[in-house]
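Open the structure in your viewer and keep the selection tool at hand. Each stop below says what to select and what is there.

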Amino acid sequence: MPVTGPDFISLQVRDLGAAQAFYEQYLGLVRSPAGPPHAVVFTTAPIAFALRDIVPGTDLAAVEQPGIGVALWLHATDVQAIHDALVADGHRIVADPIDGPFGRTFTFADPDGYHVTLHDRA
């Protein structure tokens with residue numbers, strides 16, 4: 001039976017509460033009532049997005065950028081407003097906003113250093 005596509009994305013984070021607050025405050029994500037105690041699952045569609053405690057044996061501090069080599073793109077309805085809020089609060093922007101084939105697009109580093117790209121064209 002073939003794989004039909006991505007179904008779940010999860011990032012390991014150093015501080016689950018702080019990461020949850022960041023994604024709720026800046027990206028407007030809403031926590032789902034589902035999920036285990038060591039994770040926060042958000043009500044995203046069509047693919048579930050979650051944050052989880054670090055798996056034993058993983059050391060995020062040992063790498064310069066966690067998730068290097070993986071491109072994580074999330075759709076947003078107001079990319080520029082999210083960018084402006086992140087900048088105003090001193091968060092690192094990895095790639096400034098541009099208008100391209102995926103609409104308004106930019107990349108930021110989250111509190112754990114993951115690079116996340118937002119775009120507004122579905």
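## Stop 1: T105

Select T105, which sits in strand β6. Helices (H or I, at least four residues) and strands (E, at least two) are DSSP runs, numbered from the N terminus. The model is predicted, so local features need pLDDT of at least 70 and side-chain atom pairs count only at pLDDT 80 or more, while totals for chains, interfaces and linings use all residues. Residues are numbered from 1 along each chain as its sequence is written, and side-chain values use heavy atoms, with hydrogens and water left out.

Is T105 buried or exposed? T105 counts as buried, because its relative accessibility is 10%. Buried means under 20% relative accessible area, exposed means over 50%, and partly exposed lies in between (1.4 Å probe, protein chains only).

Now show the contacts of T105, where contact means heavy atoms within 4.5 Å. Leaving aside neighbours within four places in sequence, T105 is in contact with W73, V79, D96, P97, I98, T117, L118 and H119. For a distance, pick T105 and V116: they are 11 residues apart in sequence and 10 Å apart in space, C-alpha to C-alpha.

## Stop 2: P97

Next select P97, in strand β5 (residues 93–100). P97 has a relative accessible area of 19% and is therefore buried. Beyond neighbours within four places in sequence, P97 is in contact with Q80, H83, R104, T105 and F106. From P97 to V79 is 18 residues in sequence and 8.4 Å in space, C-alpha to C-alpha.

## Stop 3: two helices

Select helix α1 (residues 16–27) and helix α2 (residues 79–88). Two packed helices are described by the angle between their axes and the distance between the axes. Here the angle is about 125° and the axes are 9 Å apart. Axes are lines fitted to C-alpha atoms, for helices over the stretch in contact, and angles run from 0 to 180 degrees between N-to-C directions. α1 and α2 are therefore oblique to each other. Angles under 35 degrees count as roughly parallel, over 145 as roughly antiparallel, 65 to 115 as roughly perpendicular and the rest as oblique.

Which residues make the contact? F22, Y26 and L27 of α1 meet I82, A85 and L86 of α2.

Stay on α1 and select Q20, which is found in this helix. Q20 is buried because its relative accessible area is 15%. Not counting residues up to four places away in sequence, Q20 touches R31, V40, F42 and L51.

## Stop 4: two prolines in loops

Go to P46, in the loop between β2 (39–42) and β3. A cis peptide bond joins A45 and P46, with omega about 5°. Most peptide bonds are trans.

Then select P111, in the loop between β6 (103–109) and β7. P111 counts as partly exposed, because its relative accessibility is 48%. P111 touches R14 and F22, again not counting residues up to four places away in sequence. P111 and H91 are 20 residues apart in sequence and 8.2 Å apart in space, C-alpha to C-alpha.
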